[in-house]
Amino acid sequence: MKLNELIENYSGSLAECEITSITDNTRKVEKGSLFFCVKGGKFDGHTAGAEMLEKGAVAVVCEHDLGLGERQIITENSRRLYGEVCSAWFGHPERKIKMIGVTGTNGKTTTTNIIKHILMQSGHKTGLIGTIQNEIGDEILHTDNTTPFAFDFMALLDRMVKEDCEYVVMEVSSFGLVQNRIGSSHFDVALFTNLTQDHLDYHKDMEDYYQAKKLLFGMCDKAICNIDDSYGSRLYEEISCNKYSLSVKEKADFCAEDVSINSTGSLFKLLIYDGKNCSVKTNMTGLFNIANVLGAVAVCIEEGITLKDILSAVENYSGVKGRCEIIPTGKDFTVICDYAHTPDAVENVLKSLKPYAENRLICLFGCGGNRDSAKRPKMAVSASKYADKIIVTSDNPRDENPEDIIKDILKGLENSGVQYDVVTDRREAIYHSLKIAQKGDIIVLAGKGHEDYQILENNRHIHFDEREVVADGLKLL
């Protein structure tokens, strides 16, 4: 492609130059490349600008003068321009598919999966981009990031378009928004679920985290905000696009009333701003899942899907791997794995399960290394509100000493009165939970959910699937 086809309104001396590849990765530069100097956490691409020209790059895009004459293109934000150029490189696939975005701390994966299920069952081929996996219709693709990096994201959208997807439903992370990974994307509908403490190792504080999430609502036609969440209520007041409120607690444009929850599912009355109402039945339990279902239903209503199709799809939806997933044991106690890895998520899942524990509610959890350490004692406080017993262990320790992470967690259990055990090795901790289980207990393995690995030092990944670990542990009883 010509350079002036990639960069809008570009009129420099290189305008007609042929570009053979675009990248922000120094290892991928070759003859004919256009290289984008991006400043990351550990490496600043600006330091390699001259070297990339020597490797064969036609030009470099940078944010300040590198002394490279006509072969440098100076822009205010090279990340943003890279995202836009990635869109152009693939012929703007984001303009050829209806985009639905879901952002927030908790509930994104469940909500996007429900939306995709409704759309697919209603006859609309749909792509999914998210934490667990990417999907094109029924095809499952591996994913490394909740929101892929700009080039990979546009390549995936392009593939979805070529495979006749009408929609893409995606989890939009704060990283993806701040780092301009979604290029020139514009969304039909954007949904805000909630905001609780997470990723403060990256964002300087909760306000910074909120402002990152808010970026999505400057690039959508319609917004749906969960006003049960204080940040959602604030967002609803601050945005100017067409907007709708959502609540399971009070009157809203989409609200749930007469909620009935049991161990096998939930039933509620849906009230819609246009005066319609209906009963919604789901196999999912917990008030937080009512909010997830409600959000998905609201999105699909705004996309013109009939209530009949929506209700049918919701009723036969079975749930998401690693989200309140029951692991079969054949015993007289229950084991559930859940991705809950924030204080709010842990509290929500335990609160929802507490009424169904015939005996004790046992919570096993740890916290990730090289991540926000301030949330560690808060996780413990949340667990202690509803758990009868806590088992403190590891999660993904990365380059931190697991014992040091656990010390931070235990600060939240001081004076709590709750019984707790410390078993540093997560496999042994799960075995321990099975050994102490009594009739009627519910054991919640929190934090890993769908993940089938642990991350150790030097970013070393080892296979670790809690379903397999539980199966192995049961053999030892």
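**Exercise 1.** Which residues have the most contacts inside the largest nonpolar core, and how many residues has this core?

*Solution.* The structure is a predicted model. Its largest nonpolar core has 59 residues. Those with the most contacts inside this core are Ile 7, Leu 34, Phe 36, Met 160 and Phe 217. By element, helix α5 (residues 150-162) supplies the largest share of the core, six residues. Apart from this core lies another, of 39 residues, which includes Val 102, Ile 224, Ile 272 and Ile 310.

**Exercise 2.** Identify the contacts of Phe 36, leaving aside its neighbours within four places in sequence.

*Solution.* With contact taken as heavy atoms within 4.5 Å, the partners of Phe 36 are Ile 22, Thr 23, Asp 24, Val 61, Ser 78, Leu 81, Tyr 82 and Val 85.

**Exercise 3.** Determine how the buried residues of helix α15 (residues 466-475) are arranged and what covers them.

*Solution.* Begin with the buried residues, that is, those under 20% relative accessible area: in α15 they are Glu 466, Arg 467, Val 469, Val 470, Gly 473 and Leu 474. Viewed down the axis of α15, these residues fall within an arc of 160°, and therefore they line one face of the helix. Finally, the elements covering them include β16 (325-327), β17 (334-338), α14 (426-436) and β21 (442-446).

**Exercise 4.** Describe the largest cavity by volume, lining and residue class.

*Solution.* The count is one cavity of 30 Å³ or more. The largest cavity has a volume of about 30 Å³. Its lining consists of Cys 367, Thr 393, Ser 394, Asp 395, Asn 396, Pro 397, Pro 402, Ile 405 and Ile 406. Sorted by class, the lining has five nonpolar, three polar and one charged residues.

Terms used. Residues numbered from 1 in each chain as written. Predicted model: local features only at pLDDT ≥ 70, side-chain atom pairs only at ≥ 80, totals over all residues. Heavy atoms only, no water. 1 Å grid on protein atoms, 1.4 Å probe; cavity = no way out; pocket = protein on both sides within 12 Å on 5 of 7 lines; lining within 4 Å. Points joined across faces, edges and corners; volume = space filled by probe spheres on them. Nonpolar A, V, L, I, M, F, W, Y, C, P; charged D, E, K, R; others polar. Buried < 20%, exposed > 50% of the residue type's maximum accessible area, 1.4 Å probe, protein only. Helix = DSSP H or I, 4+ residues; strand = E, 2+ residues; numbered from the N terminus. Arc of directions from axis to C-beta. Core = buried A, V, L, I, M, F, W, Y, C linked by side-chain atoms within 4.5 Å.
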